[in-house]
Amino acid sequence: MVYKNCTLPDGRQVDIEVQNGTITALEENISAKESTDVNGAYLLPKLVDLHVKLKDGILNAPNMKKIVKEAKKGGVGYMMIMPQTTPPIDNEISLEFTQNTLKEIKDIKIDIAINALQEDLSLSNIAILLKKGAKNPYISTIAKNNIAIKIAEYVKMYNTILFCKAEDNSLKSQGVMFDGDVSSKLGLSGIPELSEVVHVSRMIEIARYYGVKILFKAIAIPQSLEMISKAKEEGVDVKAEVSLHHLLHSDKACEGFNTIAKIDPPLVDEISREKLITALKNGSIDMLSVLHQPNSPVNKEVAFFDASYGSSALSDALALYYTKLVKSGIISMQKLIELTVINPRKTVGLKIPVIEIGESINQFLLFNKNESYMIKENDSLYKSDIVFGKVQYFEEN
């Protein structure tokens with residue numbers, strides 16, 4: 001089969017010949033008896049998202065199977081399940097249950113992060129969990145220094161990367177959104193910037209001293225990105241993940257006590273949001289996530305203070321990225337692939353898919369940028385938005 005007029009991420013158009021699931025030719029004007037004209041659709045590697053949470057945080061088979069369907073619709077081919085679940089992924093039993101459920105899943109590659117801390121903030125059995133196939137330890141910086149240092153030693157011993165959520169429990173515990181004008185207007189307790197900034201600084205120094213690799217998860221404060229960029233220049237192996245939500249929405253989305261905009265970390269003010277966009281353009285952000293954390297209505301249709309954190313975006317991932325960042329002119333398609341495929345794959349040690357002869361076509365998808373649709377999910381920050389792009393997989397042709 002020859003797929004004619006495919007657009008590569010750099011904008012070039014080529015025909016691509018596929019035989020038995022493998023790319024056998026890649027050039028202009030391939031002649032073939034059997035062909036399909038894709039009319040300029042992008043030929044792209046499947047996306048990666050290293051920050052996916054299960055619905056209502058419940059660890060069960062239906063929830064895991066549901067995110068597979070959502071990921072496939074959104075063009076995501078690899079994702080990391082975060083371990084803040086009920087029950088938490090911090091022991092051999094929950095890890096084994098998750099792994100056994102994932103064995104039944106074929107369409108999407110999924111790995112599991114493990115909670116380096118148990119619920120009582122003591123250390124989980126990191127060594128055993130990593131030996132049994134978990135990929136990356138996750139730590140919230142509510143951990144005390146001595147515990148954080150022990151975790152860093154494990155990370156170095158097993159040559160993996162530490163997923164780190166920078167937050168201060170004493171500053172965050174009473175807040176429900178960003179501490180600013182909007183929180184004051186709504187009469188809601190705010191979470192100050194220092195909750196993140198102080199602990200980014202702390203963990204950078206631990207990374208520097210112990211020579212470990214850290215991926216800071218869902219960074220929201222521009223000052224944090226500045227510190228991470230400076231540390232990189234000094235040779236510290238740290239990276240920053242930022243969510244699409246924080247690039248596109250400010251805390252004004254919370255006005256009217258909109259619980260769908262209650263996410264973790266909280267949406268920042270407009271000045272900070274604009275600084276995040278600048279950081280995206282200048283290369284200070286290493287990777288993006290749609291920060292998928294869906295909730296049932298019972299956990300959102302309540303008072304803002306009591307509502308659960310999170311919103312849904314996985315099923316619209318590629319269309320959102322394309323419409324909001326590429327089509328709008330903020331970044332190029334090549335830059336998007338760097339932030340959503342290349343960098344996250346490098347971070348977790350996965351092979352980078354390259355569009356060339358001999359590669360499996362199942363690593364890639366077609367994305368028709370000319371088709372549009374309205375987002376209908378009630379728990380999405382983008383409900384009623386018109387987005388462009390339809391994902392199509394080669395195995396469906």
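Ala, Val, Leu, Ile, Met, Phe, Trp, Tyr, Cys and Pro count here as nonpolar, Asp, Glu, Lys and Arg as charged, and the others, Gly among them, as polar. This is a predicted model, in which local features need pLDDT of at least 70, side-chain atom pairs count only at pLDDT 80 or more, and totals for chains, interfaces and linings use all residues. Residues are numbered from 1 along each chain as its sequence is written, and side-chain values use heavy atoms, with hydrogens and water left out.

**View 1. The second largest cavity.** A cavity is a set of points on a 1 Å grid over the protein atoms alone where a 1.4 Å probe fits but cannot get out, and lining residues have an atom within 4 Å of a point. The second largest cavity holds about 30 Å³ of space. Its lining consists of His51, Lys53, Gln84, Tyr138, Lys165 and Asp264, which divide into 1 nonpolar, 2 polar and 3 charged.

**View 2. The largest cavity.** About 140 Å³ of space lies in the largest cavity. It is lined by 16 residues, with Ile191, Ser195, Glu196, Pro265 and Pro266 the closest to its centre. The lining has 9 nonpolar, 1 polar and 6 charged residues.

**View 3. The largest pocket.** A pocket is an open set of grid points with protein on both sides within 12 Å along at least five of seven lines. The largest pocket has about 810 Å³ of space. Among its 30 lining residues, Lys53, Gln84, Glu167, Lys172 and Asp264 are the closest to the centre. The lining comprises 9 nonpolar, 13 polar and 8 charged residues.

Definitions and conventions
Grid points are joined across faces, edges and corners, and a volume is the space filled by probe spheres set on the points.
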